[in-house]
Amino acid sequence: MFQLRIYTLRSPEALRQYADVHWARHLVTFGAFGVTTHGVWTERDGEGNRLIALVAYPPDADPDETTRRVMASTEFATDMAGFDVADIVDVQTTLLAPTTFSPIH
């Protein structure tokens, strides 16, 4: 099961720090919980201060429960050390189902 995650950050500086330092650390942490990261992008025009990630959960996983477990972990706390979470002003998530012809399943 895929999920599109869109994070809106308070400023361009917060976006750079979150993307380059903290989300980069999440790759290993998410993997330890069975979550595969297929891509992480920042919005190209730069006006929205948004980071977009495409992740996949194991077929039998509950994405909400898995996210809660990840966020409660010491690994996640370490990932986020030094970042003010108040700089994340919004998070939107959308579960996605691939079409039969999608190159990613």
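Colleague: Which residues does Phe30 touch, not counting residues up to four places away in sequence?

Modeller: This is a predicted model, in which local features need pLDDT of at least 70, side-chain atom pairs count only at pLDDT 80 or more, and totals for chains, interfaces and linings use all residues. Residues are numbered from 1 along each chain as its sequence is written, and side-chain values use heavy atoms, with hydrogens and water left out. Contact means heavy atoms within 4.5 Å. Beyond four places in sequence, Phe30 touches Trp23, Val35, Thr37, Val55 and Val70.

Colleague: Which residues have the most contacts inside the largest nonpolar core?

Modeller: Such a core is a set of buried Ala, Val, Leu, Ile, Met, Phe, Trp, Tyr and Cys residues joined through side-chain atoms within 4.5 Å. Buried means under 20% relative accessible area (1.4 Å probe, protein chains only). Here the largest core has 19 residues, and Tyr7, Leu9, Tyr18, Trp23, Phe30, Leu51 and Val55 have the most contacts inside it. At least two of its residues come from each of β1 (2-9), α1 (12-32), β3 (50-56) and α3 (74-80). The largest share, six residues, is supplied by α1. Helices (H or I, at least four residues) and strands (E, at least two) are DSSP runs, numbered from the N terminus.

Colleague: Why does His26 count as buried, and with which side chain does the His26 side chain make a polar contact?

Modeller: His26, in helix α1, counts as buried because its relative accessibility is 1%. A polar contact is a pair of N or O atoms within 3.5 Å; within protein, one must be able to donate a hydrogen and the other to accept it, and residues adjacent in sequence count only if both atoms are side-chain atoms. The partner of the His26 side chain is the side chain of Asp79, at 2.8 Å.

Colleague: Where is Val35 placed, and what does Val35 touch?

Modeller: Val35 sits in the loop between α1 and β2 (36-42) and is buried, with a relative accessible area of 5%. Leaving out residues up to four places away in sequence, Val35 touches Phe30, Val55, Ala56, Tyr57 and Thr66. Thr66 belongs to helix α2 and counts as buried, at 4% relative accessibility.

Colleague: How do the residues lining the largest pocket divide?

Modeller: On a 1 Å grid over the protein atoms alone, a pocket is an open set of points where a 1.4 Å probe fits, with protein on both sides within 12 Å along at least five of seven lines; lining residues have an atom within 4 Å of a point. The lining divides into 14 nonpolar residues (Ala, Val, Leu, Ile, Met, Phe, Trp, Tyr, Cys, Pro), three polar (the others, Gly among them) and one charged (Asp, Glu, Lys, Arg). Of these 18 residues, Arg5, Tyr7, Thr67, Met71 and Phe76 lie nearest the pocket centre.

Notes. Buried means under 20% relative accessible area, exposed over 50%, partly exposed in between (1.4 Å probe, protein chains only).
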